[in-house]
Amino acid sequence: MYTQSFNVPDQAGQKTVAVTPSTEDAELMARFDARIDADGRIEPQDWMPEAYRKTLVRQISQHAHSEIVGMLPEGNWISRAPSLKRKAILIAKVQDEGGHGLYLYSAAETLGTSRDQLLEGLHSGKAKYSSIFNYPTLNWADVGAIGWLVDGAAIMNQIPLCRCSYGPYSRAMVRVCKEESFHQRQGYEALLVMMKGTQAQRDMVQDAVNRLWWKCLAMFGPPDADSPNSAQGMRWGIKRISNDDLRQKFVDATVPQAKVLGITLPDPDLKWNEARQHYDYGQIDWQEFWDTVEGNGPCNKERLATRVKAHNDGQWVRDAAQAYARKQQERAMKEAA
Amino acid sequence: MNTTALKEWPLWEIFVRSKQGLEHKHCGSLHAADASQALHMARDVYTRRQEGVSIWVVPSAAITASNPDEKGEFFDPAADKIYRHPTFYEIPDEVGHM
């Protein structure tokens with residue numbers, strides 16, 4: 001499961017959401033603020049400022065889209081998994097991602113946006129999803145590295161979201177986090193097995209980590225200084241920990257794991273800082289990140305096209321299920337009459 | 001792809017009993033064409049790790065909910081009746097647990 005600490009605007013020109021409550025809303029606004037300040041939760045039927053609603057729809061739907069698109073790079077490897085055991089594990093993981101997408105779409109729908117509208121946003125390219133999936137999975141070790149690093153980064157991001165101020169989102173995240181640790185552990189273990197294999201297998205692991213490491217650091221989103229929406233997200237209790245703090249937590253947790261695994265993280269600047277009691281790390285290429293978000297990553301077009309085709313190819317199934325349900329209903333009514 | 005809301009499968013609320021002896025608990029919602037499909041999908045989505053022994057599916061539209069805007073008045077009658085709680089009553093220590 002994957003979220004990018006996504007405060008990425010869906011469409012250009014919509015960089016920040018204005019927060020200007022009208023006078024008649026002032027009292028409702030005060031009550032809303034008081035509840036947020038008391039660390040209370042907001043539920044679907046409660047009054048909420050339009051900007052809060054919009055921010056949540058954008059964030060939860062981007063999160064849901066990430067789950068669904070995230071099935072694609074791993075799905076590529078189901079038919080090529082090296083053993084029946086790994087195949088069964090991978091199917092279970094990809095199925096989980098589909099489930100996570102569903103929990104999240106359901107949470108977004110409670111804000112008054114229909115599933116069709118949400119999917120339309122994804123399929124038309126208007127809505128974003130985590131850019132990590134716009135990179136190819138070139139060898140089997142990529143599947144392990146995705147579990148270890150991408151899911152690992154996602155877990156860092158998602159644990160604080162379990163305390164998000166919007167009830168349905170936080171409940172969905174609790175469910176997701178419960179299922180998530182299997183994803184990271186299976187990936188790490190798959191890599192461990194390869195590291196005990198031949199030199200060629202060890203090289204595959206190192207190659208996968210080399211390609212994914214920086215993309216994973218970017219998953220936490222732009223540096224705090226360049227995240228205009230972060231402060232508002234914090235104010236609203238949607239975001240609990242800043243992008244840079246989460247990134248640091250991830251680096252600190254991952255370095256010892258890499259050591260046990262026996263690979264090198266591809267960053268010459270990565271070293272322990274005794275004064276900070278954290279690892280220092282090098283510069284992230286944000287230009288590349290934004291290029292990919294804007295649709296120019298190596299696989300953006302392919303991923304979206306695959307997703308749209310899968311949806312369109314499934315149209316007859318949705319139609320048939322509905323026709324069948326209607327027929328059953330008519331039959332029941334006729335029998336009752 | 002401009003499908004209208006009417007084209008969507010209806011929404012169902014899902015309740016799962018995690019084990020015999022416990023109540024069914026709301027765990028989420030999903031879209032399905034009819035009740036039996038909703039049951040099958042709920043099984044695949046919410047009980048992949050043996051989280052349940054029984055599932056209820058209820059059309060979301062069939063649920064009547066109290067109005068959050070009237071939460072104050074609606075629940076007010078219970079607010080001043082602290083004598084409904086056992087801790088309201090002082091019982092001498094020598095009585096022990098009661």
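Which residues does R202(A) touch, not counting residues up to four places away in sequence?

1. **R202(A).** The residues touched by R202(A) are M194(A), M195(A), K196(A) and G197(A), leaving aside residues up to four places away in sequence; contact means heavy atoms within 4.5 Å. R202(A) sits in helix α7 of chain A, residues 199–218. Helices are DSSP runs of H or I with at least four residues, strands are runs of E with at least two, and both are numbered from the N terminus. The relative accessible area of R202(A) is 28%, so this residue is partly exposed. By the definition used, buried means under 20% relative accessible area, exposed means over 50%, and partly exposed lies in between, with a 1.4 Å probe and protein chains only. The C-alpha atoms of R202(A) and L191(A) are separated by 8.6 Å, and these residues are eleven apart along the chain.

2. **Basis of the model.** The model is predicted: local features need pLDDT of at least 70, side-chain atom pairs count only at pLDDT 80 or more, and totals for chains, interfaces and linings use all residues. Residues are numbered from 1 along each chain as its sequence is written, chains are lettered from A and ligands numbered from 1 in the order in which they are written, and side-chain values use heavy atoms, with hydrogens and water left out.

3. **Chain A, architecture.** Chain A contains twelve helices and two strands. Along the sequence, its elements follow the pattern α-α-α-α-α-α-α-α-α-β-β-α-α-α. The C-alpha trace of chain A spans about 70 × 55 × 35 Å along its principal axes.

4. Of the 337 residues in chain A, 53% are buried. Among its contacts between residues at least 6 apart in sequence, 79% join residues at least 24 apart. Chain A exposes about 15500 Å², with 56% supplied by carbon and sulfur atoms; such areas come from the Shrake-Rupley method with a 1.4 Å probe, and for residues only the protein chains shown count as cover. There are 41 positive and 42 negative side chains in chain A, and the centres of the two sets lie 5 Å apart. Lys and Arg count as positive and Asp and Glu as negative, while His and the chain ends are not counted. Each charge is placed at NZ of Lys, CZ of Arg, CG of Asp or CD of Glu.

5. **Chain B, architecture.** Chain B has two helices and three strands, and from the N terminus on its elements run β-β-α-β-α. Its radius of gyration is 21 Å, well over the 13 Å that the globule rule gives for 98 residues, so chain B is more spread out than a compact globule. The C-alpha atoms of chain B fill a box of roughly 70 × 35 × 20 Å along the principal axes.

6. Buried residues account for 26% of the 98 residues in chain B. Of its contacts between residues at least 6 apart in sequence, 43% join residues at least 24 apart. The accessible surface of chain B is about 7300 Å², and 57% of this belongs to carbon and sulfur atoms. The mean positions of its 10 positive and 14 negative charges are 12 Å apart.

7. **The largest nonpolar core.** This core has 90 residues, and those with the most contacts inside it are Y166(A) and I14(B). Helix α5 of chain A, residues 140–161, gives the most to the core, with eleven residues. A nonpolar core is a set of buried Ala, Val, Leu, Ile, Met, Phe, Trp, Tyr and Cys residues joined through side-chain atoms within 4.5 Å. Not counting residues up to four places away in sequence, I14(B) touches residues including L30(B), A42(B), Y46(B), I55(B), W56(B) and V57(B).

8. **Loop residues of chain A.** I284(A) lies in the loop between β2 (278–280) and α10 (286–296) and counts as buried at 11% relative accessibility. D39(A), in the loop between α1 (26–37) and α2 (50–75), has a phi near 60 degrees, a positive value in a residue other than glycine. Q277(A), in the loop between β1 (271–273) and β2, likewise has a phi near 60 degrees.

Notes. The radius of gyration is taken over C-alpha atoms; the globule rule is 2.2 Å times the number of residues to the power 0.38.
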